Amino acid sequence: MAYTKLNRSAATLSKNRTEGSISPFSGMCVTCVDGCIGMCEIGKSAYRGHEVLYPQPFGIITAASEKEYPVDLSDFTILGTAAGAHGCEADPDKATFPKVTIETAVGHDKGIKLKFPFVISGMGSTNVAKQNWEGLAAGAAVSGVILTVGENVCGMDGETEIKNGRVVRSPDMENRVSFFKKWQEDGYGTVAVQANVEDTRLGVQEYVIEKLGVEAVELKWGQGAKDIGGEVKIKSLVKAQELKKRGYIVLPDPHDPDIIKAFEKGSFKEFERHSRLGMVEEESFMQRVEELRKAGAKYVFLKTGAYRPVDLARAVKYASKAKLDLLTVDGAGGGTGMSPWRMMNEWGIPSVELWSLLYQFLKKLDEKGEHIPDIAAAGGITFEDQIYKALSLGAPYFKIVGMARGPMAATMVGKTIGKRIAEDQIPVYVERFGNSAEEIFVTAPELKKKLGERFKDFPTGGMGLYGYFERLAQGLRQFMAGNRKFDLSYITRDDIAALTDDAARISSIPLVNDIDKGEAEAILNS
């Protein structure tokens, strides 16, 4: 079986000429004919070169791998029970699914209160994040979750003021933080600010702590979609030149006279901006954590990607030694930014394998009595069953899940519907629910009651995100009630069972037919 697809994908806007007859090991048409205009990735690469490395069109999409990994969360099933209750009296009138609480708290002092066990992972300098930030921030704040400002925001902001190599003001960053704080309720959730090599050199986290009142900052070791620095595309020559001046890698060289002529002639329309590779060393890592705490950071997080197991071990050990507040581990292969398409499919450790290793490493430290930071599992999670399975797979160490593409999709849909309402061009598919935001968005009455007069200013992108989270919350409560678990703290690894031998071997979760054997025998023999 071929797990991956080659040479054609909607992500790169490419396809085969002989779509029904493709060589599985190369992805090429079984007959590659002289005279073809080149619709496949090889063909497009012939005339657009490196542009075909990345999902397209840049700036208005998120992307994820289409590789079918041998094992994923569908290889597990959630087990229900008909007896007892945990966290609630075992009374049919009291043990109802709306009574399930999915509120939690993370951090060394459990000071970050969450209405839902979610963190929206880093949304950085890409256009798709910037253009949807108001809705993301509003929806995340009212939902009471963690929202992470991703890398390169200050560096990409054309209005950023830099003195002596350090950021002193960034209107874009100010807006991102203020949008969240504007809608934050009762101290739930928080906005965290991420940093890569360039951000650290620019002093971004010190700036947001000191000037913007940010309490949580996140160090970053890559992501699940790629193992190189962040990339974006730049349509302006002037901006490309400014970014190179700020220390970014910009390709091709925007100062080269021949390149400038080619750009002005239209031979290419976008420059690539790349970040540098981070280099992890224990001493410098610990030093940086201490620097951030001295600067006033109340909470320090680390997010790591799908690197090899020894790097995961480093992340777990360093997070333990530094007593970090949250460690997010992101499995291969999706992202909200600009990742090379083949890398998204063929690099990194998939989520189930990565989280299983993570559980093993955490358990080893726990048995030695070492500090265990709160853990967020990320990597392709979009629905309530996946949330439950991920939390169960890593129980009792996994406290929350990280998501990005799902929340972004809900926000974009909400924003789009809002625009169509304003333009009086509501699609038929949506119009059947009504003609106004209050009719179309099922959670609008709830939000209106919650926000009062402020509701009229609440962005429809935020309504979309809130509605999505409300659905996930109810679905998660139903799964938990079916397992008679009325609080997140009662979720355990035996709440799920493996459906395949591979899943059982990788995770050490027993096969479904091996679960409860002793208890079942005891009942039958009683």
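Which residues does arginine 176 touch, not counting residues up to four places away in sequence? In this predicted model, local features need pLDDT of at least 70 and side-chain atom pairs count only at pLDDT 80 or more, while totals for chains, interfaces and linings use all residues. Residues are numbered from 1 along each chain as its sequence is written, and side-chain values use heavy atoms, with hydrogens and water left out.

Arginine 176 touches Met123, Gly124, Ser125, Ala129, Lys130, Trp133, Val149 and Val153, where contact means heavy atoms within 4.5 Å. Arginine 176 belongs to helix 5, residues 171-183. Helices (H or I, at least four residues) and strands (E, at least two) are DSSP runs, numbered from the N terminus. With a relative accessible area of 1%, arginine 176 is buried; the term buried means under 20% relative accessible area, exposed over 50%, and partly exposed in between (1.4 Å probe, protein chains only).

Eight strands form a closed barrel in the order 5-6-9-10-14-15-17-18, with parallel pairing. Two strands pair if DSSP finds at least two bridges between them. Neighbouring strands of this sheet are turned by 25 degrees against each other on average, direction ignored. Axes are lines fitted to C-alpha atoms, for helices over the stretch in contact, and angles run from 0 to 180 degrees between N-to-C directions.

Five parallel bridges join strand 15 (residues 326-330) to strand 17 (residues 374-378). In this pair, aspartate 330 is opposite alanine 378 of strand 17. Helix 13 (residues 351-367) packs on the sheet and touches strand 15, strand 17 and strand 18 (398-403). The direction of helix 13 makes about 165 degrees with that of strand 17. Helix 3 (residues 133-143) lies across strand 5 (118-123) and strand 6 (146-149), and runs at about 150 degrees to strand 6.

The structure holds zero disulfides, a disulfide being a pair of cysteine sulfur atoms within 2.5 Å. For cysteine 29, the nearest cysteine sulfur is that of cysteine 40, 6.2 Å away. Cysteine 29 counts as buried, at 14% relative accessibility. For cysteine 36, the nearest cysteine sulfur is also that of cysteine 40, at 6.4 Å. Cysteine 36 counts as partly exposed, at 36% relative accessibility.
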